[in-house]
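Biologist: I have a model open and want to learn how to read it. Please take me through the features one at a time.

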Amino acid sequence: MAHRRETVQMEQRWTNARIATMADDELGLIDDGVIAAKDGRIVYAGPAGGAPTSEAHIHDCQGRLITPGLIDCHTHLVHGGNRANEWAMRLEGATYEEIARAGGGIVSTMRATREASEDDLVESALPRLDALIAEGVTTIEIKSGYGLSTADELKMLRAARALGRRRAIRIEPTFLGAHALPPEYKGDSDAYIDLVVGEMMSAAASLATAVDAFCEGIGFSPAQCERVIEAAKAHGLAVKLHAEQLSALHGSALAAKFGALSADHLEHATDDDIGAMAVAGTVAVLLPGAYYFMRETQLPPIAAMRRHGVRIALATDNNPGTSPTTSLLLMLNMGATLFGLTVVEALRGVTVNAAAALGLAAEIGTLEAGKACDLAIWDVTDPAELVYRIGFNPLHQRIKDGQ
């Protein structure tokens, strides 16, 4: 009888590196550091003097900086069409609300998404995904929310999952059925929420890892969002919430009430909202791309977040209407330049805090033994360069699960 030989993966070891582990409250910098991994997991991350001496495949990093693989924790990457014409309208003075109420905005993308096949959605999203991968992103959240019917929301979630089979990246699909009111439900948002929390949620539960809703005057009321959150909890799904982007409806406090992973945008959040998030451990996901693209003037309450000790994450909010960016590195600079984040806050915002915003802090986001070996190796030595430069991508190599 022939015996099958099990393939044992040789230990991989990255040496002669400057490592930003993110494992403390700062960047966790280690000069002359080593990372060792086996079977896709980190087995050592620390000074060279304490590194394993077992047989390994050695990668000499020649002094380069290594960070955890970057995490984009809020995107709408899968969608049909684009909204360049609406952007031109805004340049001529139209507001986001005016465009939305005139049938543009999310509803215009809904039409294009409904017309697209699942394969179409995958193919159109791949270039956007590849741009993020090229900047060291190893995990990305992708929301539905442009189908706004059961069949089309499921199509979007399947497309998001398909992207993870086409590329070496971790995909976290989020069900965002409560994103906008589709035209067929005009004037009856409660009836649409009935659909979201019933048929849609039941069907999406096997495809999504979390549920989100747009708590806003042009979206859904706090009471309606609470129904969505309660349904998500009943299905065992994590929750997130678009909150306080355009007005103060205290959606962030609502998110905190239910122990949401994150509340996102937050320009109009109050001190009480931020305090509630701190108590609940809800991450503040800031989206400077949308702030910039919409030419907003109300800054998120960063001082309150610091005072209350709320964790801050940064994300692209990649979407066709208000943040058509595929650069998480640019969000680092915008977070610092527009919102006043420090280098430490910005870099933790796309690593350890972004992992927490996805409920994955035990798996990714820091360089520690036991975690996935997701690395970004940079042709720089000073972490500040990743935040300081604009339009500059110094990625040397991206490692996903040790490969």
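The dialogue below goes from the whole chain to single residues.

Biologist: What should I know before reading values?

Modeller: This is a predicted model: local features need pLDDT of at least 70, side-chain atom pairs count only at pLDDT 80 or more, and totals for chains, interfaces and linings use all residues. Residues are numbered from 1 along each chain as its sequence is written, and side-chain values use heavy atoms, without hydrogens and water.

Biologist: How many helices and strands are there in the chain?

Modeller: Both are DSSP runs, numbered from the N terminus: helices are H or I with at least four residues, strands are E with at least two. The chain has 15 helices and 15 strands. Its radius of gyration is 21 Å, close to the 22 Å that the globule rule gives for 403 residues, so the chain is as compact as a globular protein of that length. That radius is taken over C-alpha atoms, and the rule is 2.2 Å times the number of residues to the power 0.38.

Biologist: What percentage of the residues count as buried?

Modeller: Buried means under 20% relative accessible area, exposed over 50%, and partly exposed in between, with a 1.4 Å probe and protein chains only. Of the 403 residues, 58% count as buried.

Biologist: How do I read contacts in the chain?

Modeller: A contact means heavy atoms within 4.5 Å. Take contacts between residues at least 6 apart in sequence: 71% of them join residues at least 24 apart.

Biologist: Is Lys-155 buried or exposed?

Modeller: Lys-155 counts as buried, because its relative accessibility is 9%. It sits in helix α5 (residues 150–166). A polar atom of its side chain lies 3.2 Å from the backbone oxygen of Arg-114. Beyond neighbours within four places in sequence, the contacts of Lys-155 include Thr-113, Arg-114 and Leu-121.

Biologist: Which elements do the buried residues of α9 pack against?

Modeller: Start with the residues. In helix α9 (residues 271–280), the buried ones are Asp-273, Ile-274, Gly-275 and Met-277. They pack against α8 (251–257), β11 (262–265), β12 (283–286) and α11 (302–308). Just after α9, Gly-281 takes a positive phi of about 80°.

Biologist: Where does Thr-138 lie, and what is its relative accessible area?

Modeller: Thr-138 lies in strand β7 (residues 137–143). Its relative accessible area is 1%, so Thr-138 is buried. Leaving aside neighbours within four places in sequence, Thr-138 is in contact with residues including Gly-69, Ile-169, Asp-374 and Lys-400.

Conventions:
A polar contact is a pair of N or O atoms within 3.5 Å; within protein, one must be able to donate a hydrogen and the other to accept it, and residues adjacent in sequence count only if both atoms are side-chain atoms.
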